[in-house]
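Please look at the structure first.

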Amino acid sequence: MSKVIIAGGGAAGMMAAVAAADAGHDVVLYEKNEKLGKKLYITGKGRCNLTNNSDVEGLLKNVVRNPKFLYSAFYSFDSMAVMDFYEKEGLPLKTERGNRVFPQSDKSSDVIRTLQRALERRGVEIHLNTAVKELCIEDGECVGVVAGSGQRGHSEKADAVIVATGGISYPSTGSTGDGYRFAEACGHIIQETMPSLVPFLVKEDYISKMQGLSLRNVELVIREGKKVLFQELGEILFTHFGVSGPLVLSASSVVSGKDLKKLSAHIDLKPALSTAQLDERILRDFKEMINYDFKNSLHKLLPAKMIPVLVELTGIPPEKKVNEVTRQEREGLVELLKGFPFTIEGLRGYNEAVITRGGVSVQEVNPATMQSKKVPNLYFAGEVLDLDARTGGYNLQIAWSTGYLAGISVH
C-alpha cells in the first residue's frame with residue numbers, strides 16, 4: 001500500500017482522493033481553507049453545474065485549450081461515470097437545457113457533502129486549515145511535502161503527491177496559485193495565466209443604462225476583422241460596467257489573450273427572425289400603432305429598459321409618428337435589432353473569473369497518468385494545469401476526470 005498526499009481539497013483533489021483510496025492507497029488530503037470545496041460552493045450560482053451530459057467527443061469539442069491532452073482522462077472517467085458516481089453516493093441529479101447536470105436539490109452544498117462522506121467512508125485522512133507549503137524533492141523525485149498552518153510547517157513523506165491546488169480565480173476561496181509555484185520550483189514551465197470565463201468591460205455608456213436587464217435567446221457574435229471568433233445563442237446580462245451572463249463568460253475564453261482593438265461585438269436581439277421577417281413584423285406593429293410616437297411603438301418588440309437606448313441609437317426623433325418613419329429609418333432599426341453593437345474594452349479580473357486560463361504546461365505531464373514527465377511520483381490534476389473549457393459543466397468535468405486519472409495512476 002502506497003501513501004499518497006493530495007494538495008488541495010477542491011473538485012480535482014477530492015476526486016483524486018476517492019480514486020486513490022479505491023485503488024487501495026493510504027490517502028492524506030491537505031486543504032488550506034477551513035472547509036473542503038470552497039470554490040465548488042459558489043459554482044453555478046450556488047447550484048453547482050456538475051458536468052455536461054454529453055459523450056466524450058461533445059466534451060472535447062467544448063475544451064478551449066489543449067483538448068487532445070484530455071483524451072485519456074475523459075475516456076477513463078467520462079460524464080456518465082461522474083453521474084454514476086454521484087448517484088451511487090446518494091446524490092440524485094437532473095439534466096437541464098444545454099445538457100447541464102445539477103443536483104436535484106439545486107444546492108452545491110449537497111455536492112460537497114456527498115464528496116465529504118465519500119472521503120470519510122474510504123478512510124481518507126483530511127487536514128483542514130493546513131496548507132502544503134512546498135514539495136520535498138530528493139534525487140529528482142518527489143518524496144513528500146512540507147505542510148502546516150501559519151508559518152510553521154512539518155515535512156511528511158509520501159510515495160506520491162498529487163497537486164490539485166486550483167488556479168488563481170476567486171482568490172477569496174483560497175486559489176492563490178500555490179501549485180504554479182510548486183511546479184516552477186521543480187523546473188516545470190507555467191503557461192501565462194489570465195482570467196477566463198469572466199465578464200466584459202464595455203466602452204459605451206448606453207450599456208450601463210440597461211443595468212440589471214437580462215436577455216434570453218439572443219445571439220452574441222464576436223469578430224476579429226472578418227473572421228467570426230464566437231457565435232452562439234444564449235443569455236446576456238447588462239451590468240454597471242459592461243456585459244455578463246453565460247454567453248459572455250463562454251465568449252471570454254475565446255477573447256482572452258486577443259488584441260481587443262481588433263474585435264467587434266454585436267448582439268442579434270431577434271435571431272429567430274430573418275431581416276425580411278423582422279421588417280414585416282415592425283411594419284405590422286407600426287400599422288397597429290399608426291398614430292403612436294416612435295418611442296412608444298417598440299414595447300411589443302423590446303423590454304422597457306432597452307427602448308430609450310435603442311430609440312437614441314436609431315437617430316429617429318422619439319416624438320416622430322410611426323406613420324412618418326421612412327423606409328430608410330425603419331431599415332436602420334432592423335439593422336440595429338439584428339446587430340446591436342458594443343465595444344469590448346477589457347475583461348474583469350480574477351475576483352470574478354470562474355476559471356484561470358494557463359498553468360502547468362501539459363507538454364510536461366503524461367496525459368495517460370497525469371504524472372510529471374520531469375519529476376517521478378509527482379502528479380497534477382484540475383485547474384492547476386493549462387486546460388480550460390466553456391461554461392456548461394465542462395471545467396468541472398476536467399477536474400473530475402484529471403483527478404480520477406491521477407488517483408488511479410499512482411503506484
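## Terms and basis

Two strands pair if DSSP finds at least two bridges between them. Strands (E, at least two residues) are DSSP runs, numbered from the N terminus.

This is a predicted model: local features need pLDDT of at least 70, side-chain atom pairs count only at pLDDT 80 or more, and totals for chains, interfaces and linings use all residues. Residues are numbered from 1 along each chain as its sequence is written, and side-chain values use heavy atoms, with hydrogens and water left out.

β8 and β9 (residues 141-148) pair in the antiparallel sense over 7 bridges. E138 stands opposite E141 in β9.

These strands belong to an open sheet of 3 strands, ordered β8-β9-β10, with antiparallel pairing. β8 (131-138) and β10 (154-157) are the edges; each has a single partner strand, so one side of each lacks a neighbour in the sheet. From one strand to the next, the twist averages 35° (axes are lines fitted to C-alpha atoms; angles run from 0 to 180 degrees between N-to-C directions).

## Sheet β3-β6-β5

Another open sheet of 3 strands runs in the order β3-β6-β5, again with antiparallel pairing. Its edges are β3 (51-52) and β5 (93-96), each with a single partner strand, so one side of each is left without a neighbour in the sheet.

β5 pairs with β6 (residues 100-103) over 4 bridges, antiparallel. R100 in β6 is the bridge partner of E96.

## Cysteines

A disulfide is a pair of cysteine sulfur atoms within 2.5 Å. The count is 0 disulfides. C186 is in none; its nearest cysteine sulfur, that of C142, is 6.7 Å away.
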